[in-house]
Amino acid sequence: MDIRRLQAFVKIIDVGSISRAADILNIAQPALSQQLASLETAFKQKLLIRSKMGVTPTAAGLELYRHAQTMSKQLDRAMEEVSNGTGPLVGKVSVGLSPYCSGSSLALGLLQEVRQKLPNITLHLSESFDDIYSEMVMTGRLDMAIIHGAGPIKGVNFMPLMKENFFLVAHADFGFGADTATPVKLSDLAQTPLLVPPDYNFVRKRINVAFARKQIVPNIVAEVEALLTLRDAVAAGLGCTILPWAVASKIVVPGQSLIYPLSSPTIQENVSLCIPESIPETEAGVAVRELLVLLAQHMVTSQNWPGTQMADPPPAG
C-alpha cells in the first residue's frame, strides 16, 4: 500500500473535493481519481460519495481516514526522530485548547515554557469552537487537547487536571448587588437574559443540566462564541453569562460588569487532558505534555483562580 495514496485520500476528505485536493497536491485530477479507485478496489469498499457539493466519506471511508491519519503521523514522526538521532528534541507538537475552559488560560504559559526549555520544538496551538478536539486527537490531527469532561470516549484517554466552578458575569446595574462574594442562586436567574455558548459546547451543556435540575427554563437571548463580543454585550447590559473563572476574568470590564459565584446548585465541570489511545506519543509530545500538566497543577495550587480545585482521580479499572 503506497502511503502517498493514503495521504492523498486524507487530503480529499480534509478539503471535501477531489479537484481541490488535486490542485493542492499538484496532481492531475484524473490521476487522483485513479488513486482513489485503486484504494476502493484494494479495500473492496466504496470510500467516498460524490455530489455536486463535493465528496463525503462513507463509513468505510471514515475508518480508513482515521487509520491513514495515524499512519501518516507515525511516518512523519519516524522521519523526525530517526533524522534527529540523539540530538535535542525537535518536531511539531499540536495542542488543542477549548475556548471556554481554563485550559485556554494555559496557552501563554505553555508557549513560554516550550520556548525556554524546548526551543527546537514548534508548538502549534489551536483554540476553536468549530472543531471537536477529541476526534482530532483520536485521528492524530492533534497530539493532545485540554477539554471539558472526563470521558470515556472511544479512541482517546482522559487525564484529569482540575475541576472548575462556573460564575455569573453581569452588568453592575442588573441588581445582584455590589457584594461579589455573596453567591447568586440559580433560581434568581429565571428571568435574567443569558448570553451563552451553543448547545454542543460543554459549558452550555453543564448550564442546561443545572437549570433542568431546578426545573427552570433559562431565558437564553443569544448564543455567542466570540469572547470579545460577549465581553462587550455583558458590559452593555444586553445580558449576563455563565463561565469558568479563568474565562470570566478575561471578559469582565471594571466599573461595568461584575463576577459572582453561583449556588443552589454550584455549576462545576471537569477539565482533562485528552491524548490518543492508539497513536504512540513522540518524545517531543511527552515533553510538552509534562510541561502542560505542571502548568495545570500550578494553576490549581496557586489559588489565584477562584473555583478551581484538584481533579478527582480517574475511576479504577
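Guide: Buried means under 20% relative accessible area, exposed over 50% and partly exposed in between, with a 1.4 Å probe and protein chains only. The model is predicted, so local features need pLDDT of at least 70 and side-chain atom pairs 80 or more, while totals for chains, interfaces and linings use all residues. Residues are numbered from 1 along each chain as its sequence is written, and side-chain values use heavy atoms, without hydrogens or water.

Visitor: How many residues of strand S5 are buried?

Guide: Strands (E, at least two residues) and helices (H or I, at least four) are DSSP runs numbered from the N terminus. In S5, residues 144-148, five of the five residues are buried, so this strand is largely enclosed by the rest of the structure.

Visitor: Which residues point one way from S5, and which the other way?

Guide: In a regular strand the side chains alternate between the two faces of the sheet. Here Met144, Ile146 and His148 point one way from S5, whereas Ala145 and Ile147 point the other way, and all are buried.

Visitor: Which strands do bridges join to S5?

Guide: Two strands pair if DSSP finds at least two bridges between them. S3 and S5 run parallel and are joined by three bridges, with Val95 standing opposite Met144 of S5. S5 and S12 (residues 268-276) run antiparallel and are joined by four bridges, and there Ile147 stands opposite Ser272 of S12.

Visitor: Which residues touch the most other members of the largest nonpolar core?

Guide: A nonpolar core is a set of buried Ala, Val, Leu, Ile, Met, Phe, Trp, Tyr and Cys residues joined through side-chain atoms within 4.5 Å. The largest has 32 residues, of which Leu168, Phe176, Leu189, Phe211, Leu230 and Ile242 touch the most other members. Among the elements that give two or more residues to this core are strand S6 (156-171), helix H7 (202-213) and strand S11 (257-263), and S6 gives the most, with five residues. Apart from this core lies another, of 27 residues, including Leu123, Leu161, Ala287 and Leu292.

Visitor: Where does a cis peptide bond occur?

Guide: A cis peptide bond joins Ser264 and Pro265, with omega at about 5°, and Pro265 is placed in the loop between S11 and S12.

Visitor: What is phi of Asn26, and what is phi of Gln215?

Guide: Neither residue is glycine, yet phi is positive, near 60° for Asn26 and near 55° for Gln215. Asn26, in the loop between helix H2 (18-25) and helix H3 (29-43), is exposed, with a relative accessible area of 71%. Gln215, in the loop between H7 and strand S9 (220-223), is exposed too, with a relative accessible area of 75%.
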